[in-house]
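Thank you all for coming; please have a look at the model on the screen, and then I will take you through the place where the two chains meet.

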2 protein chains.
Amino acid sequence: MKVNTDPKKIKEVLTRNVVEVIPSKRALATLLKERRIRLYLGIDPTSPELHLGHAVALRKLREFQELGHRVIFLIGDFTAQIGDPSGRDKKREPLSFSQIKKNMAPYKKQAGKILDLSKVEIKYNSEWLSQLSLKDFLGISSRITISRLLERDMFQQRFQKGEEVWLNELLYPLLQGYDSVAMNVDLEVGATDQTFNMLVGRKLQRIYNKKEKFVLTTPMLAGLDGRKMSKSYGNTINILDPPREMYGKIMSIKDELIPQYFELCTNLPLKEIAAIKKKLKNQKVNPRDLKARLAQEIVKLYYGEGKAKKAGQEFKRIFQEKKLPSQIKEVEIREKKIAILDLLVKAKLASSKSEAKRLVFQRGVKINGRTLQNWQDLIEIKKGQILQVGKRKFVKIG
Amino acid sequence: MKVNTDPKKIKEVLTRNVVEVIPSKRALATLLKERRIRLYLGIDPTSPELHLGHAVALRKLREFQELGHRVIFLIGDFTAQIGDPSGRDKKREPLSFSQIKKNMAPYKKQAGKILDLSKVEIKYNSEWLSQLSLKDFLGISSRITISRLLERDMFQQRFQKGEEVWLNELLYPLLQGYDSVAMNVDLEVGATDQTFNMLVGRKLQRIYNKKEKFVLTTPMLAGLDGRKMSKSYGNTINILDPPREMYGKIMSIKDELIPQYFELCTNLPLKEIAAIKKKLKNQKVNPRDLKARLAQEIVKLYYGEGKAKKAGQEFKRIFQEKKLPSQIKEVEIREKKIAILDLLVKAKLASSKSEAKRLVFQRGVKINGRTLQNWQDLIEIKKGQILQVGKRKFVKIG
């Protein structure tokens, strides 16, 4: 297979959802016309779910794949043990290797929703980082100055707030940077919060391999609440969220995020998005209708048109017409009376009693439409009771 | 053998040539009365010579040895490859392992001039540091904050001068600190420029071994010119300097250093040294006579009384009575005419032609008492010619 060197196509790939190409778009475009390149995206498995924020970079990878270039999906199983401080205003708690293994188990499936896995090389950075000796690492560290590492915004912010930066956090970029050396790639793709780490890799690859690595950054996607999309904020839309849940979550984003989501998460032409922006600005459209369109587009990408439509109808039924979903999961409960916290855990509406307690506290639990007030309630079980958590989770007692 | 727990003796050991004991002298004194302790001094073999600066800490070790405690002499063959930035206003050039091996070859002999080697455990930190995995090291680095490492004076000084600190320099103290963890000692002895590193080791030993390590610091000895004694300044008096050279060098120290040298480099009672200080201050004595006494005392320590006396007489002959030394090494030169630079190298008065050139430039080379003016001179060789470099080096052409 030959690579596609159509200048217009290349320009597209290097424009939409691209913040920056280092050293320059022009130089990368020239390379893309010359030969097939090897590029990669690295993700640390700090949680089992990939979300639409990750998808922005993964979709960019897909575009390169469609041009005929060779894509590596790198799972940072070693670096996840150290913890990337990027974009963190607090120290990351270290993960055990068994937790990391658990987290990365579903990665292929998720990446496969976007990439053509038959053509992807999947790699794990423990392959080379667990082989790297302390002496080698110290050698690498003699090529980097402290001031270069400390100039990162987030470190400066922490210092200003009187908070600590731990030495392992300072060392993180060198490890990620060594990935580039080990794989000797032409290009790394990542969100803008990875710029610093990717540039360290660029530098190390130049020193150790005498090879130029391009860096392409994609924009950060905001989460449901407008903050950075991150598991720790609980504001993510996950690639594996079922269609209805994905749809519902998209319907709940803040109105001002609508254009950003269209740009970063759909394939709608930019012209059309520009028109949407204009309408929104001039208040010529109900944001709810735009979100419905957005949700439709996004769910379609991951589940196809049929399921996207169904999810839309379902959403309308429940929220706009205040009806119950057409299908509700049944759960059998044998007890005649049961503490509400136990009930929520058994019905898998809460992962633990403490989460269940919090849900009740937040007035997020209903039985047959009645909001529970007290987490100590004892519930009398009746067949057909509808248990509801939040706006979108329902269970019928069978 | 029992340890000596005489409180007076212990107090002496913890007083003279001791700047500080951390956490306190009292706590260490208590421990020394309770049991035999294990203590160590670590030196990185960055040069083959140990000098009187090193000897201050080595002599302190000897005192502990005489009390009956177990002494470890640690050779930092791993850490020497990284380079301790302590007291350096420039980055240390990395040493190759073969250079390090060469450097440490004569260490035992030198330490044996001060310590009773039959009772000393000699260790090399490559034993554990080359076994330490990168992952372990990253674990250690998660226990230390950046601000703690950056608060070192010398780093702050470099930042203020706009000079760089390299990451490996920042990491050095963790490696040295890990020595304490690996050896699980009771006490580390070192000069004050090692305080920071020794405290990192104290911290790590507490975390990893749950054990208190005491730190005892000894004063820094000034070199011939008053700056820190250091090979890179060329101002050292080496433990293996031959008696006459050692004697001559001591005669050349600055007058104001006399009391410091008496305190740090001899066993003269402090009372006597106080009297010397007083005389010096009141100008009741010729400093030259005090230096002769000092040189006598120091050379005696390393070579015994006989050789010390001889060195003194010799010094007097040459410098005070401007005579040639009683014995001059003969060198056979076959050429009839030879370039002065080649002659100096052949006669082992210079280690290289470029050093030879510098010596001539500095007007430090005489032939039969006549100072050479031109490094390009061609010398006509005659038997019996006296070749002289500086004040103390003579060779007779045989």
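In this predicted model, 29 residues of chain A are in contact with 29 residues of chain B, where contact means that heavy atoms lie within 4.5 Å. Local features here need pLDDT of at least 70, side-chain atom pairs count only at pLDDT 80 or more, and totals for chains, interfaces and linings use all residues. Residues are numbered from 1 along each chain as its sequence is written, chains are lettered from A in the order in which they are written, and side-chain values use heavy atoms, with hydrogens and water left out.

How much area is buried between chain A and chain B? The value is about 2500 Å², and carbon and sulfur atoms give 76% of that; buried area is the accessible area (1.4 Å probe) that two parts lose on being put together, summed over both. Of the area that chain A buries against chain B, Leu134(A), Ile146(A) and Leu167(A) supply 27%, which is more than any other three residues.

The side of chain A that touches chain B divides into 19 nonpolar, six polar and four charged residues, where Ala, Val, Leu, Ile, Met, Phe, Trp, Tyr, Cys and Pro count as nonpolar, Asp, Glu, Lys and Arg as charged, and the others, Gly among them, as polar.
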